[in-house]
Amino acid sequence: MAIVFQAGDLAAEAIPDAEAGSMQPLLERCEDFLQLTYGRPALPDQARDIPSGRPPGLAPGQGHLLALRTADGGLAGMIEALRDYPVPGDWYLGILLLAPEARGQGRGEAVVRAYEAHVRAHGGRRVRLAVLEQNTPAHRFWTRMGYLPEEWMGPKQQGLKFNRLLRMSRELE
């Protein structure tokens with residue numbers, strides 16, 4: 001697989017949509033996030049179905065899935081995002097997920113900054129994302145990273161829950 005960018009000790013590796021199922025062990029290790037978001041653990045084929053959850057009408061290659069791997073090839077996290085969505089120059093970060101054992105070590109910040117550099121290098125001018133209302137640590141993280149609130153959305157059904165989400169964005173210099 002091709003390395004897209006390096007973020008500290010993690011390498012972001014492009015994963016073809018047909019191999020999205022390879023992210024399943026990560027989802028199963030991140031039960032805290034799945035419970036918070038969906039009110040349940042990962043479904044058996046949840047990772048495989050990630051690409052099918054993208055908005056309709058995307059051009060081929062507009063969505064991308066990245067595995068965040070340690071030097072020994074271990075799966076420490078993932079990114080799922082959309083290029084030029086919802087408008088050209090905006091990149092939408094749908095998922096940034098780190099395994100529990102990879103959190104709290106500065107890796108999230110390193111991944112975000114490396115991803116932003118990747119976006120800039122490919123013509124992106126802004127990164128957008130949405131944070132669950134009940135995910136207070138994520139609100140603090142994204143605010144610390146310079147992301148500003150845009151608007152509240154929802155409630156939106158996600159699994160067994162109805163969630164409100166705060167859309168946030170950061171203009172890239």
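What share of the contacts in the protein chain with a separation of 6 or more comes from residues 24 or more positions apart? The figure is 56%. This is a predicted model, and the points below should be read with that in mind.

1. **Overall make-up.** The protein chain holds four helices and eight strands. Along the sequence they follow the order β-β-α-α-β-β-β-α-β-α-β-β. The radius of gyration is 15 Å, close to the 16 Å from the globule rule for 173 residues, so the chain is as compact as a globular protein of that length. Along the principal axes, the C-alpha atoms fill a box of roughly 35 × 35 × 35 Å.

2. **Burial and surface.** Of the 173 residues, 44% are buried. The accessible surface of the protein chain is about 8,600 Å². Carbon and sulfur atoms contribute 55% of that surface.

3. **Strand β6.** This strand spans residues 126–132. Five of its seven residues are buried, that is, under 20% relative accessible area. β6 is therefore largely enclosed by the rest of the structure.

4. **The β5 side of β6.** Strand β5 covers residues 90–98 and runs parallel to β6. Four bridges join the two. Asp90 stands opposite Arg126 of β6. Between β5 and β6 the chain passes through helix α3, residues 107–121. This β-α-β crossover is right-handed.

5. **The β8 pairing of β6.** Strand β8, residues 161–171, pairs with β6 in the antiparallel sense. Seven bridges connect them. Ala130 has Arg167 in β8 as its bridge partner.

6. **The β4–β5 loop.** Two backbone features in this loop deserve a look. Tyr85 and Pro86 are joined by a cis peptide bond, with omega about 5°. Pro86 lies in the loop between β4 (75–82) and β5. Asp84 is found in that loop too. Its phi is positive, about 55°, although Asp84 is not a glycine. How exposed is Asp84, and what is its relative accessible area? Asp84 is partly exposed, at 27%. That value lies between the 20% limit for buried and the 50% limit for exposed.

7. **A cis peptide bond at Pro155.** Gly154 and Pro155 are also joined in cis, with omega about 15°. Here the proline sits in a strand: Pro155 belongs to β7, residues 148–158. Pro86, by contrast, is in a loop.

Definitions and conventions. Residues numbered from 1 in each chain as written. Predicted model: local features only at pLDDT ≥ 70, side-chain atom pairs only at ≥ 80, totals over all residues. Heavy atoms only, no water. Buried < 20%, exposed > 50% of the residue type's maximum accessible area, 1.4 Å probe, protein only. Pairing = 2+ DSSP bridges. Right-handed = clockwise from strand over helix to strand, strands pointing away. Rg over C-alpha atoms; globule rule 2.2 N^0.38 Å. Contact = heavy atoms within 4.5 Å. Areas by Shrake-Rupley, 256 points an atom, 1.4 Å probe, with all protein chains shown as cover.
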